[in-house]
Amino acid sequence: MAPPNRTARVAVLGSSVQRSRSKKHAAGRARSAVLRRLVLAMLVLGALALLTISFRSPTSGPLHGLQGTGASALRPFQIAAERVARPFRDVYNYFDGLAGAKSENARLKREVQQLRAQSTANLAASQRAADLERLLKFEQGPTYPRDYRPVSTSVISFPSGPFDQQVAIAAGSSSGIGISTPVVSADGLVGRVTNVTSSTAVVTLITDPDSAVAARDLTSGVSGLIRHGQGSTLILDRVPKEQVVQKGDVIVTQGTRDRRYPDLYPYGIPIGRVLSVGRSDIASYLTVQVTPFAALDSLDSVAALVATKRTLKLP
């Protein structure tokens with residue numbers, strides 16, 4: 001067992017050693033900080049010196065020669081780095097270009113759709129304007145019936161099937177249109193109104209199986225009834241075999257012949273042109289096929305003929 005005084009001496013010596021070590025560490029840290037500051041100051045001064053030399057001799061001088069030597073020495077490493085990085089850069093550029101191309105393609109498709117829709121709208125408007133102009137010429141022409149005022153309107157619905165021979169127009173009783181009001185296009189007779197509301201009306205076409213229009217041949221004066229024929233054609237029915245009807249003759253509405261039996265249609269509205277004339281030994285009447293003037297399957301602008309007088313005059 002060590003005597004107590006020895007233990008005290010050991011403790012005193014240990015504390016002195018620790019104080020000396022801490023002083024050495026503090027001195028070393030101070031020298032390191034001074035050294036770092038000196039190095040930083042030297043680097044800053046060196047950078048400033050190089051910049052000054054470079055600006056004073058922009059095209060020649062020892063510094064430029066040193067730069068050229070360094071660039072020549074590092075050129076192989078630069079080429080190697082470029083070759084290594086090129087595939088990655090190409091892949092990036094490919095995907096970036098692909099994304100850009102897809103975006104541009106989508107934008108061009110939208111623009112094409114917009115231009116196509118605008119072109120279709122312009123074409124439809126142009127066709128409708130042409131139809132309205134032709135309809136106006138008909139209303140101002142010599143064949144337009146007297147004592148009738150036109151209500152120009154547009155067709156808003158078409159036949160839903162081959163057995164449906166009706167269209168709807170965007171005008172009704174508020175415009176003076178009533179049941180049996182005749183409807184025409186710029187080319188000829190379309191039909192008559194069979195149902196009406198305040199703002200719309202239903203028009204039964206002359207190609208309807210139940211339709212019958214009193215008509216006459218302008219050339220020969222032969223009278224008959226226009227009825228539905230095969231397909232989109234009409235038939236001038238009830239024409240005796242001894243009557244003369246030629247291919248190409250124009251057929252118009254007959255109009256009222258007797259005030260006691262007023263006709264639904266005024267006189268002189270064009271209906272169609274004779275396509276063919278047939279005779280049979282066993283039939284009492286001619287078979288007269290007529291092609292309608294009005295394009296009944298593609299109507300756009302029409303006019304309803306509203307009577308301005310209650311009493312119809314003879315043609």
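**Figure 1. Arg-238 counts as partly exposed because its relative accessibility is 46%, a value between the 20% and 50% limits.** The structure shown is a predicted model. Arg-238 belongs to the loop that runs between β8 (234–237) and β9 (250–253). The backbone of Arg-238 has a positive phi of about 65 degrees, although the residue is not a glycine.

**Figure 2. Asp-147 is a residue other than glycine with a positive phi, near 65 degrees.**

**Figure 3. The chain as a whole contains two helices and 12 strands.** Read from the N terminus, the order of elements is α-α-β-β-β-β-β-β-β-β-β-β-β-β. The chain has 315 residues, and 26% of them count as buried. Among contacts in the chain with a separation of 6 or more, 58% are made by residues 24 or more positions apart. The accessible surface of the chain is about 21000 Å², and carbon and sulfur atoms contribute 59% of this area. This overview provides the setting for the remaining close-up views.

**Figure 4. Asp-208 is buried and has no salt bridge.** Asp-208 is placed in the loop between β5 (201–205) and β6 (213–217). Which side chain of opposite charge is nearest to Asp-208? It is that of Arg-192, at 7.7 Å; this pair is not a salt bridge because the criterion requires a side-chain nitrogen of Lys or Arg within 4 Å of a carboxyl oxygen of Asp or Glu. A polar atom of the Asp-208 side chain does, however, lie 2.9 Å from the backbone nitrogen of Asp-210. When residues up to four places away in sequence are not counted, Asp-208 touches Gln-165 and His-228.

**Figure 5. Thr-207 counts as buried because its relative accessibility is 6%, which falls under the 20% limit.** Thr-207 is located in the loop between β5 and β6, the loop that also holds Asp-208. The side chain of Thr-207 forms a polar contact of 2.5 Å with the side chain of Gln-165. Not counting residues up to four places away in sequence, the residues touched by Thr-207 are Gln-165, His-228, Ser-232, Leu-234 and Leu-296. Gln-165 and His-228 are also touched by Asp-208.

**Figure 6. Ser-198 lies in the loop between β4 (189–196) and β5.** Is Ser-198 buried or partly exposed? At 46% relative accessibility, Ser-198 counts as partly exposed. Gly-172 is 26 residues away from Ser-198 along the chain, yet their C-alpha atoms are separated by 4.8 Å. With neighbours within four places in sequence left aside, Ser-198 is in contact with Gly-172, Ser-173 and Ser-174.

**Figure 7. Leu-40, Val-44, Leu-45 and Leu-48 make a nonpolar surface patch of about 390 Å².** One of these residues, Leu-48, lies in helix α1, which covers residues 4–56. Leu-48 counts as partly exposed because its relative accessibility is 47%.

Key: Residues numbered from 1 in each chain as written. Predicted model: local features only at pLDDT ≥ 70, side-chain atom pairs only at ≥ 80, totals over all residues. Heavy atoms only, no water. Helix = DSSP H or I, 4+ residues; strand = E, 2+ residues; numbered from the N terminus. Buried < 20%, exposed > 50% of the residue type's maximum accessible area, 1.4 Å probe, protein only. Lys, Arg positive; Asp, Glu negative; His and termini not counted. Polar contact = N/O pair within 3.5 Å; in protein donor to acceptor, adjacent residues only side chain to side chain. Contact = heavy atoms within 4.5 Å. Patch = residues over 30% accessible without salt bridge, like charges linked within 9 Å, V, L, I, M, F, W, Y side chains within 5 Å. Areas by Shrake-Rupley, 256 points an atom, 1.4 Å probe, with all protein chains shown as cover.
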